[in-house]
Amino acid sequence: MTIDRCYCYEQTFAALKAVAEDTGADSIGELQAHVTFGENCQLCHPYVRRMLETGQTVFHEVIEEDGGAD
């Protein structure tokens, strides 16, 4: 299984990473101020958190940790 996007809004993590780099956003809340994602099921939130921390945009494992509110 490859996980590479917010499926509710069809936003790839690569596209979200580019927005984060362009805007300096370093949290889900800051990134959502610039692009719409993760407002429905929020299953992408752990992946977006990891993307913001590591730069990784494609995942091969299921990440279930909550990581806290952003």
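This report walks through the fold, the core, the ring pairs and the salt bridges of a predicted model.

Some ground rules come before the details. Numbering starts from 1 along each chain as its sequence is written, and side-chain values use heavy atoms, with hydrogens and water left out. Since this is a predicted model, local features need pLDDT of at least 70 and side-chain atom pairs count only at pLDDT 80 or more, while totals for chains, interfaces and linings use all residues.

**Overall fold**

The chain has 3 helices and 2 strands, and along the sequence they come in the order β-β-α-α-α. Its radius of gyration is 11 Å, close to the 11 Å that the globule rule gives for 70 residues, so the chain is as compact as a globular protein of that length. That radius is taken over C-alpha atoms, and the rule is 2.2 Å times the number of residues to the power 0.38. Helices here are DSSP runs of H or I with at least four residues, strands are E runs of at least two, and both are numbered from the N terminus.

Along its principal axes, the C-alpha trace spans about 30 × 20 × 20 Å. Of the 70 residues, 30% count as buried, where buried means under 20% relative accessible area, exposed means over 50%, and partly exposed is in between (1.4 Å probe, protein chains only). The chain exposes about 4,100 Å², and carbon and sulfur atoms supply 47% of that area. These areas come from the Shrake-Rupley method with a 1.4 Å probe, and for residues only the protein chains shown count as cover.

As for contacts (heavy atoms within 4.5 Å), take those in the chain with a separation of 6 or more: residues 24 or more positions apart account for 49% of them.

**The core and helix 3**

Which residues touch the most other members of the largest nonpolar core? They are Phe13, Leu16, Leu31, Phe37 and Val48, out of 16 residues in that core. Helix 1, helix 2 and helix 3 are the elements that give two or more residues to it. A nonpolar core is a set of buried Ala, Val, Leu, Ile, Met, Phe, Trp, Tyr and Cys residues joined through side-chain atoms within 4.5 Å. In soluble globular proteins, nonpolar side chains tend to be buried together.

Phe37 is worth a stop. This residue lies in the loop between helix 2 and helix 3 and is buried, with a relative accessible area of 0%. Leaving aside residues up to four places away in sequence, Phe37 touches Cys6, Tyr9, Gln11, Leu16, Ile28, Leu31, Gln32, Cys44 and Val48. Gln11 sits 26 residues from Phe37 in sequence, yet their C-alpha atoms are 6.5 Å apart.

Helix 3 (residues 45-54) has His45, Pro46, Tyr47, Val48, Arg49 and Met51 as its buried residues. Their cover includes helix 1 (13-23) and helix 2 (28-32). His45, found in helix 3, is buried with a relative accessible area of 11%; beyond four places in sequence, His45 touches Ile28, Gln32 and Gly38. After the helix comes Gly55, with a positive phi near 90°.

**Ring pairs**

There are 3 aromatic pairs in the structure. The ring centres of Phe13 and Tyr47 are 6.0 Å apart with planes at 20°, so the pair is stacked. Phe13 is in helix 1 and Tyr47 in helix 3, so this pair ties together parts 34 residues apart in sequence. Both residues are buried, and ring pairs link Phe13, Tyr47 and Phe59 into a cluster. For the cut-offs, rings of Phe, Tyr and Trp (its six-membered ring) pair if their centres lie within 6.5 Å; planes under 30 degrees apart count as stacked, over 60 as edge-to-face and the rest as tilted.

Beyond four places in sequence, Phe13 touches residues including Ile3, Cys6, Val48, Met51 and Phe59.

**Salt bridges**

The structure holds 3 salt bridges, each a side-chain nitrogen of Lys or Arg within 4 Å of a carboxyl oxygen of Asp or Glu.

| Salt bridge | N to O distance |
|---|---|
| Asp4 and Arg5 | 3.0 Å |
| Glu10 and Arg5 | 3.4 Å |
| Arg50 and Glu61 | 2.8 Å |

Arg50 in helix 3 and Glu61 in the segment after helix 3 are 11 residues apart, so to speak a link between distant parts of the chain. Arg50 is partly exposed at 27% relative accessible area, and Glu61 is partly exposed at 33%. Elsewhere, Asp4, Arg5 and Glu10 are linked in a network of salt bridges.
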